[in-house]
Protein chains: 2
Amino acid sequence: MLNVNSIKRGIVIDHIKAGCGYKIFKELGLHKAEYTVALLKNVHSNRIGKKDIIKIENEIDIDLTILGIMDPDITINIIENEKIKEKISLSLPESVKGILKCKNPRCITTIENIEEVEFILTNKEKKEYKCEYCDAITSL
Amino acid sequence: MLNVNSIKRGIVIDHIKAGCGYKIFKELGLHKAEYTVALLKNVHSNRIGKKDIIKIENEIDIDLTILGIMDPDITINIIENEKIKEKISLSLPESVKGILKCKNPRCITTIENIEEVEFILTNKEKKEYKCEYCDAITSL
């Protein structure tokens with residue numbers, strides 16, 4: 001089994017759905033990182049069978065909203081002195097702004113190309129959000 | 001320090017120039033792999049300061065010519081039963097076919113869009129190859 005030892009100080013993004021780690025790695029700009037990072041794909045997991053993991057040996061700001069939308073089941077461990085200092089469980093954000101686009105072709109936000117539109121979570125299980133302007137449902 | 005433990009059976013691509021691991025990872029299609037793989041970036045190296053490493057928990061065919069062109073200083077370790085069975089040092093290939101394109105706009109291969117053109121290594125340090133048709137020099 002391929003494992004990665006603990007890191008001294010940094011962030012471990014764990015329980016990423018197998019196959020999604022690469023997308024998150026890129027989204028966080030880690031492919032261009034100057035510090036030590038690791039992307040592990042298809043690692044054995046007792047909980048979810050196979051998972052991806054990202055380890056970051058640095059303190060960086062992570063956009064939890066974007067991560068929550070990309071994969072709400074991931075957990076984030078903040079590491080200090082090789083120990084978990086904080087464990088953050090993600091969830092789908094109740095509302096997002098400037099991330100989703102309305103799928104309704106007649107919506108004012110589509111016609112006038114409005115950015116920073118707010119979407120409100122309406123169905124957690126189906127990952128559905130509604131547009132603040134026209135109430136049309138957009139699913140992730 | 002971020003480390004990755006040994007793998008049982010597979011391939012370790014080591015001493016990749018820091019910053020080049022991601023390109024090789026993608027070139028080998030590992031971002032889509034269904035088996036366990038790891039990409040480590042900016043790992044401490046006694047020999048070259050910082051390096052990237054790729055670990056593959058699977059037996060796959062690797063195109064050594066393309067790897068040699070991308071980074072001739074990398075070493076490849078074939079792992080069996082957690083031990084290094086074979087160590088392959090790469091070098092710039094003496095000739096390549098179908099990988100480089102001639103930079104001479106008047107070369108027949110450019111005009112007639114000929115693929116599979118052979119290029120011969122002429123200067124190892126400058127990584128220069130010459131076109132088999134017009135002798136124009138192409139550097140990597």
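A: The side chain of A:Asn104 reaches the backbone nitrogen of A:Arg106 at 2.9 Å. That is a polar contact: N or O atoms within 3.5 Å, where, within protein, one must be able to donate a hydrogen and the other to accept it, and residues adjacent in sequence count only if both atoms are side-chain atoms. The model is predicted: local features need pLDDT of at least 70, side-chain atom pairs need 80 or more, and totals for chains, interfaces and linings use all residues. Residues are numbered from 1 along each chain as written, chains are lettered from A and ligands numbered from 1 in written order, and side-chain values use heavy atoms, without hydrogens and water.

A:Asn104 sits in the loop between strand S6 (95-97) and helix H3 (108-111) of chain A. Helices (H or I, at least four residues) and strands (E, at least two) are DSSP runs, numbered from the N terminus. A:Asn104 counts as buried because its relative accessibility is 18%; buried means under 20%, exposed over 50%, partly exposed in between, with a 1.4 Å probe and protein chains only. Beyond four places in sequence, A:Asn104 contacts A:Thr110, A:Cys134 and A:Ala136 (contact: heavy atoms within 4.5 Å).

Now the sheet. Its 10 strands form an open, antiparallel sheet, ordered S5(A)-S4(A)-S1(A)-S3(A)-S2(A)-S2(B)-S3(B)-S1(B)-S4(B)-S5(B). Two strands pair if DSSP finds at least two bridges between them. Within chain A, S1 (residues 10-17) and S3 (residues 49-56) pair over five bridges. There, A:Lys17 stands opposite A:Lys51 in S3(A).

Next, the nonpolar cores: buried Ala, Val, Leu, Ile, Met, Phe, Trp, Tyr and Cys joined through side-chain atoms within 4.5 Å. The largest has 34 residues, and A:Ile13, A:Ile54, B:Ile13 and B:Ile54 have the most contacts inside it. Strands S1, S2 and S3 and helix H1, from chain A together with chain B, each give two or more residues to this core. Among the residues that B:Ile54 touches are B:Ile13, B:Phe25 and B:Leu39. A second, separate core of 14 residues includes A:Val12, A:Leu40, A:Ile79 and B:Val43.

Finally, the rings. One aromatic pair is counted over all chains. A:Tyr22 and B:Tyr22 are stacked, 5.8 Å centre to centre with 10° between the planes. Rings of Phe, Tyr and Trp (its six-membered ring) pair with centres within 6.5 Å; planes under 30 degrees apart are stacked, over 60 edge-to-face, the rest tilted. The pair crosses between chains, from H1 (residues 21-27) of chain A to H1 (residues 21-27) of chain B. A:Tyr22 and B:Tyr22 are both buried.
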